[in-house]
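Here is a short briefing on one protein chain. Read it with the sequence and the structure open beside it.

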Amino acid sequence: MYNNNLMKKIQEKQFVKVCGAFDVMSAKLAEMNDFDAIWASGFGISSARALPDAGIITMTELLDAVTFMAEACSIPVIADCDTGYGGPNNVAHLVKKFENAGIAGICIEDKTFPKENSLFKDGKQEMISKKDFVAKLIAAKNAKKNPDFVIIGRTEALIADLGVEEALDRATAYEKAGADIIFVHSRKKNPDEIFEFYEKWKGKTPLMAVPTAFPTVALDELKSRGVQMVVFAHQTTLAAFAAISDVAKQMSKIKSLSDLSTKLASMDDLFKLQGMHKIRDHENFIEEEVKKLDLD
Ligand code: SPV
Ligand code: MG
């Protein structure tokens, strides 16, 4: 069972670090490496299924993927729910399902359905109106039962090249609608645009950043500009792709496995991740319990 301490950490002014995951193994590795939470990435989960990050995966397919992560991990899992799979009624249903599945929170964004990934060159980046997105946020807020359940309101105003003023106007509206965290995404290598947003932001709602497009910006810099949560959304997916591509390429050519020059985990590393070592203890415990019943 997870401990949803995400907002508590943010309220205590801790800088929260979140690792992207595309499957349960990557989520578990994030937990084992002391991240505060897991970002169940739409990009990552789509990649793991070799499908476009373009609203193809259905709500229930995403729910399955993130439920497996939440079952395996004891840190909060935040589900990247794209545009919320419809209007306010769909968002309310989504919140109920994800909350019941033990998910710590959701992120929804103000693009049209089907959205396309924000970092996809020449992608379609169309927005719905501010009011229509506010309606989705209010629906999300009203549907949640657990006060700790986190609703992240994401604006794509900068991604759609509508400028910092539009991003500020939308972020202000999303704060009024009750978003717990505001995520303003930017795909510019030069961080001036996102820095201008941070400087002009007068709201009280904590800010989240995904610095994939501006990787040279240090965490301390983001922190000093008021960001309270950083999400490394894509890197586990990119690393897995690179590592598996490399080993598959090598294995297609080698004469013996000892020719592999790539770094591999040990079988024992994976048995540890699976919890193989725990099954014998569990069997012994059950055996003792059976004995206690004195059935002979
Ligand atoms: C994701 O990880 O799927 C995100 C972040 O939504 S981005 O891919 O940059 O849109
Ligand atoms: Mg996404």
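In this predicted model, Cys81 touches Leu62, Leu94, Phe98, Ile106, Cys107 and Ile108, residues up to four places away in sequence not being counted. Cys81 is also among the residues with the most contacts inside the largest nonpolar core, which has 64 residues.

**Nonpolar cores**
- Besides Cys81, the residues with the most contacts inside the largest core are Ile38, Val66, Phe98, Ile106, Phe197 and Tyr198.
- In soluble globular proteins, nonpolar side chains tend to be buried together.

**The barrel**
- A barrel is closed by 8 strands, in the order E1-E2-E3-E4-E5-E6-E7-E8, with parallel pairing.
- On average, neighbouring strands of this sheet are turned by 25° against each other, direction ignored.
- Strands of a sheet pair through backbone hydrogen bonds, either parallel or antiparallel.
- Strand E1 (residues 16-21) and strand E2 (residues 37-40) run parallel and are joined by 4 bridges.
- Within this pair, Ala21 stands opposite Ala40 in E2.
- Packed on the sheet is helix H8 (residues 192-200), which touches strand E6 (181-184), strand E7 (207-209) and strand E8 (227-232).
- The direction of H8 makes about 170° with that of E7.

- Rolling a probe the size of a water molecule over the atoms shows where empty space is left.
- In the whole structure, a search finds 3 cavities of 30 Å³ or more.
- The volume of the largest cavity is about 130 Å³.
- Its lining is made of 16 residues, and Asp80, Asn117, Arg154, His185 and His234 lie nearest its centre.
- The largest pocket holds about 720 Å³ of space.
- This pocket is lined by 22 residues, of which Met25, Leu29, Ala243, Ala265 and Leu270 are the closest to its centre.
- Two or more residues of the pocket lining come from each of helix H2 (24-32), helix H10 (235-251) and helix H11 (267-274).
- H10 gives the largest share of that lining, 6 residues.

**Glu175**
- Glu175 is part of helix H7 (residues 164-176).
- Its relative accessible area is 24%, so Glu175 counts as partly exposed, the range for that class lying between under 20% for buried and over 50% for exposed.
- Neighbours within four places in sequence aside, Glu175 is in contact with Ile182, Trp201, Gly203, Lys204 and Thr205.
- Thr67 is 108 residues from Glu175 along the chain, and the C-alpha atoms of the two are separated by 28 Å.

**Backbone details**
- Most residues other than glycine have a negative phi, and most peptide bonds are trans.
- The peptide bond from Phe113 to Pro114 is cis, and its omega is near -5°.
- Pro114 lies in the loop between strand E4 (105-109) and helix H6 (130-143).
- Asp82 is a residue other than glycine with a positive phi, near 50°.
- The loop between strand E3 (77-80) and helix H5 (88-100) contains Asp82.
- Asp82 counts as buried because its relative accessibility is 8%, and buried means under 20%.
- Asp294 also has a positive phi, near 50°, and is found in the segment after helix H12 (276-292).
- Asp294 counts as exposed because its relative accessibility is 64%, and exposed means over 50%.

Notes: Residues numbered from 1 in each chain as written. Chains lettered and ligands numbered in written order. Predicted model: local features only at pLDDT ≥ 70, side-chain atom pairs only at ≥ 80, totals over all residues. Heavy atoms only, no water. Pairing = 2+ DSSP bridges. Axes fitted to C-alpha atoms, helices over the stretch in contact; angles between N-to-C directions. Contact = heavy atoms within 4.5 Å. Core = buried A, V, L, I, M, F, W, Y, C linked by side-chain atoms within 4.5 Å. Buried < 20%, exposed > 50% of the residue type's maximum accessible area, 1.4 Å probe, protein only. 1 Å grid on protein atoms, 1.4 Å probe; cavity = no way out; pocket = protein on both sides within 12 Å on 5 of 7 lines; lining within 4 Å. Points joined across faces, edges and corners; volume = space filled by probe spheres on them.
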